[in-house]
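Please work through each task with the structure in view before reading its solution.

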Amino acid sequence: MDKKVIEDVKLFARENWEGVIRDIGRLVAVDSVRGEEQPGMPFGPGPAKALKLGLEIAGELGLDTVNCENMIGYAQVGQGEKYLATITHLDVVPSAGWSEDPFTLRRREGFIIGRGVMDDKGPSVLCLYALKYLKDRGVELRYPVRALLGADEESKMQDLDYYLKNYPAPLFCFSPDANFPLCNGEKGIYHARISSRLPLGAVADIRGGVARNVIPQSAEALVHAGELKSTDSVTARREGELWHLCAKGVGGHACHPEDACNAIGLLVNYILENDIVSGEEKELFLGMQRLHSDYYGRGIGAQASDDKFEPLTIIGGEIAVENGHIVMTVDSRYPTTSSSDKLTAILEKNWKGLADVVKTGDSEPFYMSLDNPAIQACVSCYNAVTGENAKPYTIGGGTYARHFPNAVSFGPEHPERPAPDFAGPIHGVDEAACEDWMREALEIYILSLLELEKLDY
Ligand SMILES: [Zn+2]
C-alpha cells in the first residue's frame with residue numbers, strides 16, 4: 001500500500017472528523033426503533049425519518065442518493081452497472097435505563113455516547129464519509145461504490161429482502177456492523193418447536209424464556225409433590241395443593257451459551273432429582289435433561305464440528321404450556337457437518353415418540369474462503385492501519401452478510417480493547433464508541449475501498 005495514500009487518507013479523516021461527529025449526532029437524535037407500519041413507511045415513522053436524514057447527509061457530502069420506498073436507501077459515487085457496496089443500518093433497538101438522554105450525543109474522554117453510535121449509525125456515517133473521500137479526491141472508479149443504508153436490521157431484515165429482490169447484488173459488499181478484523185463466516189441457524197404428546201401430569205404448569213434465541217435467566221413451574229426443599233438455584237414454596245418452583249440462572253444469547261446458565265435446565269434437573277415425575281412424564285423430562293445437559297449437543301448426540309467454525313451449539317430458549325401440553329423451542333448454531341434435517345431427526349429420536357418436532361426456521365452456514373482476494377484486501381488494510389497481524393473469524397450469529405452472494409462483516413468494534421466503565425455496549429445502556437478507533441475505522445474503510453477497486457470480480 002502506498003505510504004502517501006495512507007497519509008492522505010489519515011489527513012482526510014482528521015480534517016473531516018468534526019463533521020463525522022456532528023452527523024452521527026444528527027442521526028442519534030432520531031429514535032428509529034421499528035414501529036407500526038404507516039402509509040409509505042413500512043417500518044413506521046422512526047426508521048423512515050432516520051433514512052431520510054441519512055440520505056440528506058449523504059447529499060450534503062456531494063453524493064447521489066436514492067430512497068427505495070423507505071425500505072432501504074443508498075448513496076453512490078461513480079457510474080456503472082456493476083458496483084461495490086457497504087451496508088449499514090439506521091434503525092436501532094429500544095433504549096431504557098440510560099444515565100442521560102440516549103438521543104442526545106455526548107462526548108466524554110474520547111468517547112461518544114448515544115443510541116446507535118456503534119450499532120449502526122456511527123458506522124453508517126463512516127461509510128458516507130468514505131464515499132466522500134472517493135468523490136473529493138476524484139478517485140477514478142472502475143466500479144461505482146454504493147453505501148446502502150438499511151432501516152430494518154434489528155427486526156426482520158425486510159429492508160435487505162426488498163433490496164435484493166429489486167436490485168442487482170453488489171460484486172462485493174462489506175458490512176461495518178460487527179467486530180474487527182473481519183467475519184468471513186456465519187454458522188447455520190436452526191430453530192424448532194417441540195410439542196409434548198402427553199397430557200400434563202405431576203408438572204401442572206411450566207414456563208420460562210423470552211425468545212427462542214435467548215437463554216432464559218428464570219423459569220418456573222407448578223408441581224404436585226410431597227415435601228420439597230429450596231436449593232441454591234431453585235426455590236420451592238407451597239402454593240395451596242401445589243409447589244411453586246422458581247429457577248434462577250444466568251441469561252445470555254444463544255450464540256454464546258458459554259457465558260450463560262439456562263434456568264430451564266436447572267428447573268428440569270430439580271424436577272428429576274426430586275422424583276416429581278414418573279413413567280412417560282419422566283421420560284419426557286429426561287429428554288429435556290439430555291438437551292439441556294450440554295450446549296454442545298453431546299447429551300442428545302448432536303455434536304458437530306468442522307475446520308471453518310466453532311463447534312455446534314444448541315439451547316432450549318423457551319418452555320410453556322399450550323392447550324394442555326408442554327411446548328419448547330430450540331435454537332442451534334451449526335457448522336457445515338450438521339444440517340437441519342439431521343437436527344430434526346436427532347431431536348425426534350431424543351423424545352422417542354413422546355413429542356413432535358417441527359422445524360420452524362433454518363438458514364444454512366455461510367462461509368467465504370480466506371483465499372478470496374477481496375477478503376485479503378480488507379484484512380491487509382486493517383493490519384496496515386492498526387499495525388496488527390489479525391486474522392478473520394467466524395461467528396454463530398446472523399448478519400446482513402449472509403444474505404448477499406459475496407459479502408463479509410468488517411468491524412468496527414474492538415471488544416479486545418479495554419474501554420472505561422461509562423462506555424456501554426451495543427444494544428445496552430450508554431452505548432458508546434471511541435473516537436480514535438472510529439477514525440481509524442474510517443481510514444480502514446477508505447483504504448479497503450481503494451484496494452477493492454483494483455480487483456477483478
Ligand atoms: Zn447492527
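**Exercise 1: an open sheet**

Three strands, in the order β4-β5-β24, make up an open sheet with antiparallel pairing. The model is a predicted one: local features require pLDDT of at least 70 and side-chain atom pairs count only at pLDDT 80 or more, while totals for chains, interfaces and linings use all residues. Residues are numbered from 1 along each chain as its sequence is written.

Task: Determine which strands are the edge strands, and describe what packs on the sheet.

Solution. 
- Step 1. Apply the terms: helices (H or I, at least four residues) and strands (E, at least two) are DSSP runs numbered from the N terminus, and two strands pair if DSSP finds at least two bridges between them.
- Step 2. β4 (106-108) and β24 (432-434) each pair on one side only, and these are the edge strands.
- Step 3. From one strand to the next, the twist averages 25°. Angles run from 0 to 180 degrees between N-to-C directions, with axes fitted as lines to C-alpha atoms, for helices over the stretch in contact.
- Step 4. Three bridges pair β4 with strand β5 (residues 111-113) in the antiparallel sense; Arg 107 stands opposite Ile 112 in β5.
- Step 5. Helix α10 (residues 435-453) packs on the sheet and touches β5 and β24. Its direction makes about 70° with that of β24. Contact requires C-beta atoms, placed from the backbone, to lie within 7 Å.

**Exercise 2: backbone exceptions**

Most residues other than glycine have a negative phi, and most peptide bonds are trans.

Task: Locate Asn 323 and Lys 352, and decide whether Asn 323 is buried or exposed.

Solution. 
- Step 1. Asn 323, not a glycine, has a positive phi of about 50°; the residue lies in the loop between β17 (313-322) and β18 (325-334).
- Step 2. Asn 323 is exposed, because 6 other C-beta atoms lie within 10 Å. The cut-offs within 10 Å are 20 or more other C-beta atoms for buried and 12 or fewer for exposed, with partly exposed in between; C-beta atoms are placed from the backbone.
- Step 3. Lys 352, also not a glycine, has a positive phi of about 45° and is found in the loop between α8 (340-351) and β19 (355-363).

Definitions and conventions:
Two residues are in contact if their C-beta atoms, placed from the backbone, lie within 7 Å.
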